[in-house]
Amino acid sequence: QVQLVESGGGLVQAGDSLSLSCVASGRTFSAYNIGWFRQAPGKERDLVARISRTAISTYYADSVKGRFTISRDNAKNTVYLHMTSLKPEDTAVYYCAAGLSTANFAYWGRGTQVTVSS
């Protein structure tokens, strides 16, 4: 089993940058694909970015492409989400998740709140 803990959320202004971290413990971190998801009030949880086990492959939702960067440091069991040019519509609870398959993220953190004021 993998335990995930997100951090780095907060209140920022539109146009600001913010970096989130997701630290994992448990089984071999490098065996897992990691995704960052977000859920705004009243909306479904959506995939924002995803990174493969060795970071060879990444995916970004169209809404964040060019503004967000996902990366990982397997030696530190950590995945990062660097967010720039933040918009009020980026306001959400951000979750990281781990899965052996990119189609099934079995392990989830509790989330960190990101609020972007206009």
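A55 is placed in the loop between β5 and β6 (58-60). The structure described here is a predicted model.

**Loop residues**

A55 has a phi near 70 degrees, which is a positive value in a residue other than glycine. In terms of accessibility, A55 is partly exposed, and its relative accessible area is 35%. A further loop, between β7 (68-73) and β8 (78-83), holds N77. N77 is not a glycine either, yet its phi is positive, at about 55 degrees.

| Residue | Phi | Relative accessible area |
|---|---|---|
| A55 | near 70 degrees | 35% |

**Strand β4 and its partners**

Strand β4 spans residues 33-39. Six of the seven residues of β4 are buried, so the strand is mostly covered. On one side of the pairing, β4 runs antiparallel to β9 (residues 92-99), and seven bridges join the two strands. Strand β5 (46-51) is also antiparallel to β4, to which five bridges join it.

Which residues stand opposite R38 in β9 and in β5? In β9 the residue is Y94, and in β5 it is D46.

**The largest pocket**

The largest pocket contains about 190 Å³ of space. Its lining is made up of 14 residues, and those closest to the centre of the pocket are R38, A40, K43, D46 and E89.

Which strand gives the most to the lining of the largest pocket? That strand is β5, with three residues. Both β4 and β5 supply at least two residues each to the lining. By residue class, the lining of the largest pocket has six nonpolar, five charged and three polar residues.

In summary, β4 is joined by bridges to β9 and to β5, and β4 and β5 each contribute to the lining of the largest pocket.

Methods: Residues are numbered from 1 along each chain as its sequence is written. This is a predicted model: local features need pLDDT of at least 70, side-chain atom pairs count only at pLDDT 80 or more; totals for chains, interfaces and linings use all residues. Side-chain values use heavy atoms; hydrogens and water are left out. On a 1 Å grid over the protein atoms alone, a cavity is a set of points where a 1.4 Å probe fits but cannot get out, and a pocket is an open set with protein on both sides within 12 Å along at least five of seven lines; lining residues have an atom within 4 Å of a point. Grid points are joined across faces, edges and corners, and a volume is the space filled by probe spheres set on the points. Helices (H or I, at least four residues) and strands (E, at least two) are DSSP runs, numbered from the N terminus. Ala, Val, Leu, Ile, Met, Phe, Trp, Tyr, Cys and Pro count as nonpolar, Asp, Glu, Lys and Arg as charged, and the others, Gly among them, as polar. Buried means under 20% relative accessible area, exposed over 50%, partly exposed in between (1.4 Å probe, protein chains only). Two strands pair if DSSP finds at least two bridges between them.
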